[in-house]
Amino acid sequence: MADLTRLTAAETAAKIASGEVTAVEVTEAHLARIDAVDEKVHAFLHVDRAGALAQARAVDEKRERGEKLGPLAGVPLALKDIFTTKGVPTTVGSKILEGWVPPYDATLTRRLKDADVVILGKTNMDEFAMGSSTENSAYGPTGNPWDLTRIPGGSGGGSSAALASYQAPLAIGTDTGGSIRQPAAVTGTVGVKPTYGAVSRYGMVAFSSSLDQGGPCARTVLDAALLHEVIAGHDPLDSTSIDAPVPPVVEAARNGSVEGMRVGVVKQFRGEGYQAGVMQRFEESVALLKELGAEIVELDCPSFDLALAAYYLIAPSECSSNLARFDAMRYGLRVGDDGTRSAEEVTSLTREAGFGAEVKRRIMLGTYALSSGYYDAYYGSAQKVRTLIKQDFEQAFEQVDVIVSPTTPTTAFPIGERADDPMAMYLADLCTIPTNLAGNAAMSLPCGLAPEDGLPVGLQIIAPAMADDRLYRVGAAVEAAFTARWGHPLLEEAPSL
């Protein structure tokens, strides 16, 4: 049974479809793995054992009846605890929603169920997706399976850790400023931020509505593509959903090639603050792309230097608006309602008890940036910078097909190292934030281990909006070349838990 947890999602689905194994056997193997290692890793906030086994049995019954199974039928998945799941707790990593059980499924959750993907449970995350390390979870940090004393990335560290520790072959994350790609980079897994609007946000608890985007996480590029195809597509319940066909991501992942492609390297994505080993692996990746037949083009995108500052005005501003709904009146935690206090006092006491320090910091930043007399100076100026970043991307994509960069400036840092230094923490998203501000598509995949600490390094690939298939075409080519060079997938070098 243990071997079943080491299979890719594509291999698992094929074995289930052929009858070589049952979906129940696969699910039981992954639940056993969770029992064995998650006490150390803490990837999951809630394991839905009964629900997962019921979904698996339904898949086996379908196969026995001769019904056609989807490409991921019976494959287990770890779901970030930001998507509503009917009858299963959804906390967003916050005390303010502790014990809340949604009465409905998010569109993404429903699409997973319709595709017969088996949802194992809900994964740990920075509270309300605000963070780069999963240390901001109200339920404690998650460890990186490569070194449990280090962070697994954030905000979706639970999902990336579940993949890297073989507790699930697939996972779902969300990416507001890099929260799918940065965890993928530091855990040696694959994470994709689809084009903004490509995956429905209906039922996804909002942090920053113009930036938030759900996406697939996996251990291989093909597995990510198969999951991308399941969750993407127009949703009339989401006003920002793009009404257009899903790009041919699976076909691209099966036919990886960079022959004749123009690949951009941005001047602003290198220099001071980057770990030497990260830059070494990145330069090797650029050389590899050239070997594989790509043309390397140097790019200058000056507005990218302003992206971090713009993001930390726009995202907190939207968060201060979105989180106003947590008022103790409608759902979740309620503190001080003893009949002697006003509604305002109850709301204040509840927020004091229910929100963590980082969430409070961002609410205060955002409320200040939106306040009378400061709106134009801060929020308005940040939106102008956002336009400049979009223009830099548009000009860049006139010259190249994709852009590559390191995903993160450093490898995984020790838990607690940056807890008291928000600016150092925010710098973890230096390379990922411009893509969110522009709404483009991006992927992170492993490109080796940093020589100085033996920890994974991620290569980021960025494509224009609605050209998500380019990510998979380039990613599959790079993955195949690196796997051939290493002789095995990178994750096989991770220490055994």
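This is a predicted model: local features need pLDDT of at least 70, side-chain atom pairs count only at pLDDT 80 or more; totals for chains, interfaces and linings use all residues.

Modeller: A residue is called buried under 20% relative accessible area, exposed over 50% and partly exposed in between, with a 1.4 Å probe and protein chains only. Residues are numbered from 1 along each chain as its sequence is written, and side-chain values use heavy atoms, with hydrogens and water left out.

Cys431 is buried, at 0% relative accessible area. A disulfide is a covalent bond between the sulfur atoms of two cysteines; here the term is applied to a pair of cysteine sulfur atoms within 2.5 Å. Searching the whole structure gives zero disulfides. For Cys431, the nearest cysteine sulfur belongs to Cys447, 12 Å away. Cys217 is in no disulfide either, and its nearest cysteine sulfur, also that of Cys447, is 18 Å away. Cys217 is buried too, with a relative accessible area of 7%.

Now the cavities. A cavity is a set of points, on a 1 Å grid over the protein atoms alone, where a 1.4 Å probe fits but cannot get out; lining residues have an atom within 4 Å of a point. The whole structure has three cavities of 30 Å³ or more, a volume being the space filled by probe spheres set on the points, which are joined across faces, edges and corners. The largest cavity holds about 60 Å³ of space. It is lined by 13 residues, and those closest to its centre are Ala198, Gly233, Ala244, Val246 and Met466.

Note on methods
On a 1 Å grid over the protein atoms alone, a cavity is a set of points where a 1.4 Å probe fits but cannot get out, and a pocket is an open set with protein on both sides within 12 Å along at least five of seven lines; lining residues have an atom within 4 Å of a point.
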